[in-house]
Amino acid sequence: ARSYPAARARELQAALAAGNVSARRFSFGLADQGLAHDLPELARRLGATIEGLRPSILITHAYEGGHPDHDSAALACQIAARAQPAGRCPMRVEFAGYHAGGGSPGWGGFLPHGDAPEIEIQLNEEERRRKSAMLDCFATQAAVLLAAPRARERLRLAPLYVFTEPPHPGPLWYERLGWRISGAEWRQCAAEALALPMPCPAC
């Protein structure tokens with residue numbers, strides 16, 4: 001529905017206000033649950049944004065099979081960051097979301113990936129209150145966010161993923177939910193995007 005993107009935009013604005021966060025916002029206008037079919041465009045726009053802002057850190061989703069758009073964001077960030085000129089490649093840091101790698105949905109923990117070190121941040125009372133206030137702004141996602149941890153954050157340096165392979169054995173979480181795209185279809189889209197030439201040498 002047309003009202004859904006507008007609702008999500010309002011929720012984001014309310015969450016930023018609740019967290020007392022001042023931030024520039026960018027919208028690429030791409031479809032919810034459809035980013036896999038726009039991966040080259042997503043990577044191109046993200047790359048141009050990174051080139052303009054020149055951030056030192058790029059925070060993104062992990063490749064976990066929880067949500068196809070989250071996986072698309074992880075792939076686009078890897079492509080876009082590595083396409084930056086030498087010396088301007090931002091450090092990719094990912095946060096733990098959710099996945100079904102253990103057979104049931106799990107929030108706030110990473111799928112294992114080599115020896116990538118993890119950092120767990122325990123939030124103090126004020127940080128927990130602020131995080132909860134921000135999450136509570138997302139009314140359209142209330143059912144999903146019920147299981148989101150409120151007392152901690154887990155981060156790690158994003159590894160170089162092989163996006164043409166499944167993130168874990170067995171059905172992915174969005175496959176269990178019967179969404180429009182399968183893991184195999186997503187990986188085919190990823191393979192096609194990765195086969196395109198990058199505008200700059202990888203750094």
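Which residues form a nonpolar patch on the surface? Ile57, Ile59, Met91 and Leu157 do so, with about 390 Å² of accessible area together. The model is predicted, so local features need pLDDT of at least 70 and side-chain atom pairs count only at pLDDT 80 or more, while totals for chains, interfaces and linings use all residues. Residues are numbered from 1 along each chain as its sequence is written, and side-chain values use heavy atoms, with hydrogens and water left out.

**The patch**
- A patch is made of residues with over 30% relative accessible area and no salt bridge, in which like charges are joined within 9 Å and nonpolar side chains (Val, Leu, Ile, Met, Phe, Trp, Tyr) within 5 Å.
- A salt bridge here is a side-chain nitrogen of Lys or Arg within 4 Å of a carboxyl oxygen of Asp or Glu, and accessible areas come from the Shrake-Rupley method with a 1.4 Å probe, only the protein chains shown counting as cover for residues.
- Leucine 157, one of the patch residues, is found in strand E6 (residues 152–157), and its relative accessible area of 43% makes leucine 157 partly exposed (buried is under 20%, exposed over 50%, partly exposed in between, with a 1.4 Å probe and protein chains only).

**The sheet**
- Four strands form an open sheet of mixed pairing, in the order E1-E2-E6-E5, where strands (E, at least two residues) and helices (H or I, at least four) are DSSP runs numbered from the N terminus, and two strands pair if DSSP finds at least two bridges between them.
- Strand E1 (57–61) and strand E5 (118–122) stand at the edges with a single partner strand each, so one side of each has no neighbour in the sheet.
- E1 pairs with strand E2 (residues 91–95) in the parallel sense over five bridges, and isoleucine 59 has valine 93 in E2 as its bridge partner.

**Loop residues**
- Glutamine 33, in the loop between helix H1 (3–18) and helix H2 (39–53), has a positive phi of about 65° although it is not a glycine, and is partly exposed at a relative accessible area of 21%.
- Arginine 54, in the loop between H2 and E1, likewise has a positive phi, near 55°, without being a glycine, and is exposed at 54% relative accessible area.
- Proline 171 lies in the loop between E6 and helix H6 (173–176), is partly exposed at 44% relative accessibility, and touches Ala100 and Arg176 (heavy atoms within 4.5 Å), not counting residues up to four places away in sequence.
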